[in-house]
Amino acid sequence: MNYYEILGVDKDVTPKDLKKAYKRLAKKWHPDLNRDDPKTAERKMREINVAYDTLSDEVKRIDYNKKLDAESKNQGQKKSAHETATPKTKRTSTNTSSGKVDFENIHSSFESFFGFNPKNHEVTNEDKLNTFSKDKRPKNPLDTTDFFEKFMGFKK
């Protein structure tokens, strides 16, 4: 919620009307006058004070308006980009051997590809897991150190 909405005023409010709105809300939400729900009153009063402090100071108000304009511009760009984006279809398959991935059950796809279940750390296909020689096989089946060392052309 922005400061103008908190105080219930328009963006082009005059200083005099801004002060009237502040006083009206301060009377309504002051914690001394709302003993039945002091936490809500304190929270509302903090919001009202911050909003009034910002909007009553000319320099702070100009900065705040610039920030609001930038946010609304970004929101408009995000919305138009979202509206023009093509909808993505749900891609799922239970046949992981054909190269398709079951996104509903990604762990089983991972397991069938790597031969290792990441949830319970169980080896399910020793042939897929043992791509390294027995004596050089890393303890962690997900360790990609050798791959990166070969790719980068150096060893630790």
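This section describes the fold, the helix packing and selected residues of a predicted model of a protein chain.

The protein chain contains 7 helices and 2 strands. Read from the N terminus, the order of these elements is α-α-α-α-α-β-β-α-α. The chain has 156 residues, of which 21% are buried. Its accessible surface is about 12700 Å², and carbon and sulfur atoms account for 53% of that area.

The packing of helix H2 (residues 15–29) against helix H3 (residues 38–56) was examined next. The axes of H2 and H3 are 10 Å apart and form an angle of about 170°. Angles over 145 degrees count as roughly antiparallel, and H2 and H3 are therefore roughly antiparallel to each other. On the H2 side, the contact is formed by Leu18, Lys19, Tyr22, Leu25, Ala26 and Trp29. The H3 side contributes Thr40, Ala41, Lys44, Met45, Ile48, Asn49, Tyr52, Leu55 and Ser56. Sorted by class, the residues in the contact of H2 with H3 are 10 nonpolar, 3 polar and 2 charged.

In soluble globular proteins, nonpolar side chains tend to be buried together. In this model, the largest nonpolar core comprises 18 residues. Within this core, the residues that touch the most other members are Leu7, Val9, Leu18 and Ile48. Two or more core residues come from each of helix H1 (3–7), H2, H3 and helix H4 (58–84). H2 supplies the largest share, with 6 residues. When residues up to four places away in sequence are not counted, valine 9 touches Tyr4, Leu18 and Ala21.

Isoleucine 6 is located in helix H1. Its relative accessibility is 16%, and residues under 20% are classed as buried, so isoleucine 6 counts as buried. With neighbours within four places in sequence left aside, the contacts of isoleucine 6 are Met1, Leu25, Glu47, Ile48 and Ala51. Isoleucine 6 and isoleucine 48 are 42 residues apart along the chain, while their C-alpha atoms are separated by 6.5 Å.

Asparagine 65 lies in helix H4. This residue has a relative accessible area of 17% and is buried. Beyond its neighbours within four places in sequence, asparagine 65 is in contact with Tyr4 and Lys11. Tyr4 is also one of the residues touched by valine 9.

Glutamate 111 is placed in helix H5 (residues 106–114). With a relative accessible area of 23%, glutamate 111 is partly exposed. Not counting residues up to four places away in sequence, glutamate 111 touches Phe116, Asn117 and Thr124. The C-alpha atoms of glutamate 111 and threonine 124 are separated by 7.2 Å, and the two residues are 13 residues apart along the chain.

Lysine 119 is found in the loop between strand S1 (116–117) and strand S2 (122–123). Its relative accessibility is 62%, and lysine 119 counts as exposed. The C-alpha atoms of lysine 119 and serine 108 are 10.0 Å apart in space, with the two residues 11 residues apart in sequence.

How values were computed:
Residues numbered from 1 in each chain as written. Predicted model: local features only at pLDDT ≥ 70, side-chain atom pairs only at ≥ 80, totals over all residues. Heavy atoms only, no water. Axes fitted to C-alpha atoms, helices over the stretch in contact; angles between N-to-C directions. Helix = DSSP H or I, 4+ residues; strand = E, 2+ residues; numbered from the N terminus. Parallel < 35°, antiparallel > 145°, perpendicular 65-115°, else oblique. Contact = heavy atoms within 4.5 Å. Nonpolar A, V, L, I, M, F, W, Y, C, P; charged D, E, K, R; others polar. Buried < 20%, exposed > 50% of the residue type's maximum accessible area, 1.4 Å probe, protein only. Areas by Shrake-Rupley, 256 points an atom, 1.4 Å probe, with all protein chains shown as cover. Core = buried A, V, L, I, M, F, W, Y, C linked by side-chain atoms within 4.5 Å.
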